[in-house]
Amino acid sequence: MKVDYAAKIPNNVNLAEDRQLTRALESWQPKYLAWWNQLGPKDFANNEVFLRTAVDVGQEGWANFGYVTMPEYRWGIFLAEPKPDRRISFGEHIGQPVWNEVPGEYRFDLRRLIAVQGDTEPASVEQQRHLGKTAPSLYDLRNLFQVNVEEGRHLWAMVYLLHRYFGKDGREEADALLERHSGDPDRPRLLGAFNEPTPDWLSFYLFTYFTDRDGKFQLHALTESAFDPLARTTQFMLKEEAHHMFVGATGVARVIQRTAELMKEHDTDDIRQYGGINLSIIQKYLNFHYSITLDLFGGDTSSNAANYYASGLKGRYHESERQDDHRLLNSTYKAEAVTDGHIDSIEVPTITALNQILQDDFIADCQNGVDRWNRILSEAGITTKLYLPHRGFNRQVGIFADYHITPEGVICSDEEWELKKSEWLPTPDDRSFVASLMVPVREPGKMASWLAPPATGIANKPIDYIYVKL
Ligand code: BYC
Ligand code: FE
Ligand code: FE
């Protein structure tokens, strides 16, 4: 599993031994770079950024830090080490050896799962491409670019699987990943949340907190896959993913910290005139990003999800640690449902409720961060609390999509929704106020008015390190 770092495409999959695959990937590479130059981070192509680059897959020391311009980033193909004698841990093939090739009967479904995963990665880069212009500090500018290059690498991870295991179909699918674009009316990205703009940094932090966290849970479910190359590639992706969620969790925390300081200093909830973001606006942004991210889990009951599970393609979060039969043929689950105009629960076969079950795990994980944010508020003596709205709030996908549901979880009429939605979701005024705060700060160590500094710098560097050479 040694990493060939001298190759045109760094990799630990012995690419050099497969001439045909190498040629195919080397002919995709310029298309990727053209896409990056056209739809990746706007400007900054010639600036050196203090980035980490994956160079190994081991427990320790898998990344190097150093200055590099983004187009020169070494995007590579890295799979976690294979586990000797790994066995399928769920579904109808439980106990059998994992697959190193794609079984014919699962070719379509696997390609689809990989294409959906792959589609989100460049989508997020496209969504974030204008943020460099308004970065609130050099530290944040660097973190944005770190997230962007790693999402680019995640695209490479999926493209490798498509090229290596799916022949001509896979190569076409890989090309299509560069042809659909976020928000494109003709060829949009596959999933809803990836067609929404990420216009400002508050949105960026909430996106990386919530939407990258969907990535965490989906990737975890894929690390359980019987298709071992998918399991191994997603395992390695999760190492990078942790930083993206860190950027979100600490980014939101720093906004809240600054808001709390300004509220104290001026003894008011409305701190807009002092260059801060009101808690009520933060809550509305949170409601928006959380609800559109919940849509990414798909239908609450889904025969697709049941098939993926039965076939061994996609497991549950921490599948192997769960204490049950890992087949779920005789098990039921109390799923949320809407009956007679109110929210209730009904018993459904567990295997059909796997999207909702993954979502349950996601929600619990989200709550941890909200609790930490609330501690910042209570330590500052502020009694207002942030909260996750009800899972049915503002949904476009799943059982709640046909209803208007308040953040408290009450079904409401169209009239009430229209009347109240400006209290629950960002209004054009909220968005333009937040946009008005987005002035770039480029002096090392300095932060925008609405944001507290981070607790520490990156890779033991000070906060005022020159993270991007402008
Ligand atoms: N928007 O059976 P259903 C990340 C479609 S994020 C539009 O209910 P299923 C990242 C669905 O495709 C992680 N369409 O759902 C984060 C299906 O269409 P077909 C991304 C949607 O299939 C930040 C139909 O509705 N990875 O990595 O069980 C930055 C019925 O679907 C949506 C994955 O998602 C939607 N929201 O579940 C960068 C993992 N939802 O087939 C990166 C791979 C559903 O009837 N994907 N539809 O034409 C999957 O596991 C599944 O495809 C989904 C959907 C969980 C997304
Ligand atoms: Fe990713
Ligand atoms: Fe990510």
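1. Ligand 1 is surrounded by 25 residues, of which G215, G298, G299, S302 and N304 are the closest. The coordinates come from a predicted model, and the remarks below should be read with that in mind.

2. By class, the shell around ligand 1 comprises 12 polar, 7 nonpolar and 6 charged residues. At least two shell residues come from each of helix 2 (107-127), helix 5 (201-223) and helix 8 (303-311), and helix 2 makes the greatest contribution, with 6 residues.

3. Helix 5, one of the helices that supply the shell around ligand 1, also packs against helix 7 (residues 279-294), at an angle of about 30° and with the two axes 9 Å apart. Because angles under 35 degrees count as roughly parallel, helix 5 and helix 7 are roughly parallel to each other, and the crossing of helix 5 past helix 7 is right-handed.

4. On the side of helix 5, this contact is made by L202, S203, L206, F207, F210, T211 and D214, while helix 7 contributes Y285, L286, H289, Y290 and T293. Sorted by class, the contact of helix 5 with helix 7 contains 7 nonpolar, 4 polar and 1 charged residues.

5. Helix 8, which likewise supplies residues to the shell around ligand 1, has A305, Y308, Y309 and S311 as buried residues, and the buried residues of this helix pack against helix 2 and helix 9 (354-379). Just after helix 8 comes G312, whose phi is positive, at about 90°.

Terms used: Residues are numbered from 1 along each chain as its sequence is written. Chains are lettered from A and ligands numbered from 1 in the order in which they are written. This is a predicted model: local features need pLDDT of at least 70, side-chain atom pairs count only at pLDDT 80 or more; totals for chains, interfaces and linings use all residues. A residue is near a molecule or strand if its C-beta atom, placed from the backbone, lies within 6 Å of it. Helices (H or I, at least four residues) and strands (E, at least two) are DSSP runs, numbered from the N terminus. Ala, Val, Leu, Ile, Met, Phe, Trp, Tyr, Cys and Pro count as nonpolar, Asp, Glu, Lys and Arg as charged, and the others, Gly among them, as polar. Axes are lines fitted to C-alpha atoms, for helices over the stretch in contact, and angles run from 0 to 180 degrees between N-to-C directions. Angles under 35 degrees count as roughly parallel, over 145 as roughly antiparallel, 65 to 115 as roughly perpendicular and the rest as oblique. A crossing is left-handed if the near helix is turned anticlockwise from the far one by less than a right angle, and right-handed if clockwise. Two residues are in contact if their C-beta atoms, placed from the backbone, lie within 7 Å. A residue is buried if 20 or more other C-beta atoms lie within 10 Å of its own, exposed if 12 or fewer, and partly exposed in between; C-beta atoms are placed from the backbone.
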